[in-house]
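Dear colleague,

Here is the structure for your files. My notes follow below it.

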Amino acid sequence: MAEYTLKVTTGDMKYAGTMDHLYVILCGTEGKSERTKLDNLMIHFQSGKTRTYSVKTKSSLGKLLIVKVEKDPRFGLPEDEWFCSRIVVTTQNGEEVVFPCYRWISRGEKVELRGGKAMKVFEDVHPLQIEHREDELRLRKSLYQWEMGDGKLLQLSQFRAISELPAEIRFSASKSEEMSFKKRIIGYELMFKRLVGSKKQWKNLKDMKKFFQTKKTTMSEYVSKHWDEDDFFGFQYLNGPNPNVIKLCKKLPSNFPVEEMVRDFLPRGSTLEMEMEKGNIFLVDQKIMDGIPTRMDDGRACFISSGFCLFYMNPDKKLVPLAIQLRQQHSEQNPIFLPDDPLTDWVLAKLFFNSSDLVLYQAVYHLMKTHYLAEVFTVATLRCFPSIHPLYKLLFPHFRYTLHINILAREFLLGPGGAMSQSSCGVDGLMELMRRAQSDMTYSSLCLPENIKARGLNSVPDFYYRDDGLKLWSHINSYVKSMVEYFYPSDSVVCDDTELQEWIHEIFTHGFLENKLAGFPASFGTVAEVIKFITMVIFIVSVQHAAVNNGQFDYHGWTPNGSLLLHTSPPTIKGLSSMGTFLEALPNEGETVNFAASAFVLSSKYTDKVPLGEYPEELFDESDPKRMIKEFQAELSYLKEEIKARNTRLKVPYTYLSPDEIENSVSI
Ligand code: FE2
């Protein structure tokens with residue numbers, strides 16, 4: 001006779017409890033228990049509660065390996081999903097084995113939990129372990145499949161609707177309620193009832209400002225006051241939501257002949273060549289936008305800038321625009337705009353340039369290079385690593401809610417009437433843009449230290465995205481290094497882990513479309529390669545996403561600073577524009593409300609967010625990984641204080657990469 005004590009913990013989120021009947025079977029190396037009912041007097045499995053049970057067997061089960069959990073309905077009651085956090089089993093000898101679960105369980109689902117230490121494929125030797133591992137992966141591969149694409153853009157999961165998502169990866173009930181996309185967008189819009197669907201043009205910017213009085217942030221208010229200042233225009237390309245496109249300029253593009261035109265804006269005696277030599281000249285080149293199909297608007301194709309903006313880091317350490325050209329080909333109909341042009345010409349040039357940058361940033365740097373890449377990493381992880389694998393335990397918390405939010409984005413942002421589909425490019429243009437970005441994407445561009453170096457931005461002053469981002473990269477890298485070296489003491493262990501090799505191969509095939517020339521690995525030969533790749537994965541889904549996501553409303557709630565849609569084309573002759581020309585270009589009242597509502601919902605904070613480095617789900621049973629997590633958290637905590645102190649000294653604080661503002665995963 002043997003007796004096992006079970007401590008069963010229900011999650012502490014809303015609706016985590018269940019009134020259904022629950023059963024367990026304990027499986028060990030020497031046998032298994034009877035299917036044992038866990039008494040549930042309706043109140044036993046309430047949110048946040050731990051209940052203790054006992055399971056008796058005729059003899060010892062040997063080393064405990066698996067706990068099988070089943071949930072059956074109570075007569076006549078509707079489905080009542082249960083969120084089981086974990087089951088801790090104590091044997092007669094006092095040995096404790098933790099079986100992490102941390103997932104929703106529906107009726108009829110047979111959930112089998114592996115307990116104890118993390119195990120790689122070749123470490124599982126007992127037939128029960130091997131069988132369980134194979135069964136879990138077989139099931140996952142049938143549940144999570146790649147949607148075949150056109151071969152030019154990374155592949156996503158096959159899910160089309162939230163209802164198709166397995167319970168284990170859906171939003172919690174509280175997050176769903178809080179963030180019911182459509183409801184929130186409609187709720188926001190209703191505050192401006194008069195404006196919803198209004199096709200009226202804005203009469204003046206004062207009216208627009210009134211509209212923003214009820215929904216604003218400190219930063220959105222700052223933007224609405226300073227949007228037309230040149231040094232703020234430049235500041236955004238370093239510390240706004242798209243710090244990804246600016247580069248040091250050492251040679252002017254031949255189709256942007258501004259050398260003589262900008263001399264007056266440089267210190268007396270200096271030339272553009274001299275300033276380029278000193279490293280003070282920067283460029284944003286929108287070549288990727290050239291020839292992108294645009295949406296029809298009132299019978300005319302929308303205009304989207306595909307030009308250049310040249311910037312100068314002036315002696316006051318302010319980055320200011322020197323010249324803007326809105327198309328690639330220089331011609332008389334495509335003038336180069338300068339800061340001393342008539343005011344509305346210059347303001348219009350900045351509006352058209354910024355608006356194109358906004359479309360590019362939302363489609364490529366936000367949607368594709370964080371949300372969609374995160375989906376690739378999520379699907380590959382679910383398909384290739386069983387939950388007992390150390391890298392599943394390391395990575396899975398960084399994919400929380402990603403598939404769910406991406407399905408919502410496809411439905412509500414890219415779907416009919418969504419903010420992205422209403423943009424100047426429309427869905428077809430955005431897809432083409434992403435295809436071009438995919439073919440340009442390199443492994444090094446996804447790794448921040450190499451990215452910054454390649455763009456020549458290492459010594460630019462007051463570049464807080466870079467400063468905070470590089471520190472975060474370094475902390476993530478140290479954490480990943482300690483974890484990976486603990487589980488992979490030598491390169492040969494990396495080579496022997498067939499699941500790890502399959503994981504990187506799936507990412508290489510479905511995410512990077514086998515683009516070896518771009519430096520993406522198809523397999524891993526060394527521990528160092530694994531560390532670098534996993535650092536990149538965690539950085540992209542947490543830090544990089546926060547950098548491009550969190551400032552959406554701050555910077556783009558106020559459409560004069562850049563809009564997804566503009567109704568007119570830029571002036572081809574200087575000196576003819578007026579404030580009326582500027583207002584005509586802006587989205588109408590109804591469109592402004594739609595764009596602002598979407599940006600607001602997507603930049604909002606939700607109560608069940610998990611900040612970077614927090615792991616409320618204790619997936620590791622070993623003491624070393626637990627210690628490494630604590631060390632990582634301590635580093636992030638110091639950095640948070642450092643950033644807070646720095647921000648008190650800044651006129652415009654950069655908060656997007658404070659560790660407490662970064663989520664562990666792409667979940668919004
Ligand atoms: Fe996002």
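Which residues coordinate the iron ion? His366 (NE2), His371 (NE2), His545 (NE2), Asn549 (OD1) and Ile668 (O) do, at 2.2 to 2.4 Å. Donors here are N, O and S atoms within 2.8 Å of the metal (3.2 Å for Na, K and Ca); water is not among the atoms, so sites may look incomplete. Along the chain the donors follow the spacing H-x4-H-x173-H-x3-N-x118-I. His366 lies in helix H8 and Ile668 in the segment after helix H20 (623-648), so this pair ties together parts 302 residues apart in sequence. His366 counts as buried at 5% relative accessibility, and Ile668 counts as buried at 6%. Buried means under 20% relative accessible area (1.4 Å probe, protein chains only).

Two notes on the source. This is a predicted model: local features need pLDDT of at least 70, side-chain atom pairs count only at pLDDT 80 or more, and totals for chains, interfaces and linings use all residues. Residues are numbered from 1 along each chain as its sequence is written, and side-chain values use heavy atoms, with hydrogens and water left out.

Now the whole protein. It has 20 helices and 16 strands (DSSP runs: H or I of at least four residues, E of at least two, numbered from the N terminus). Of its 668 residues, 59% count as buried. The C-alpha atoms fill a box of roughly 95 × 55 × 50 Å along the principal axes. Among contacts (heavy atoms within 4.5 Å) with a separation of 6 or more, 75% come from residues 24 or more positions apart.

Best regards

How values were computed
Buried < 20%, exposed > 50% of the residue type's maximum accessible area, 1.4 Å probe, protein only.
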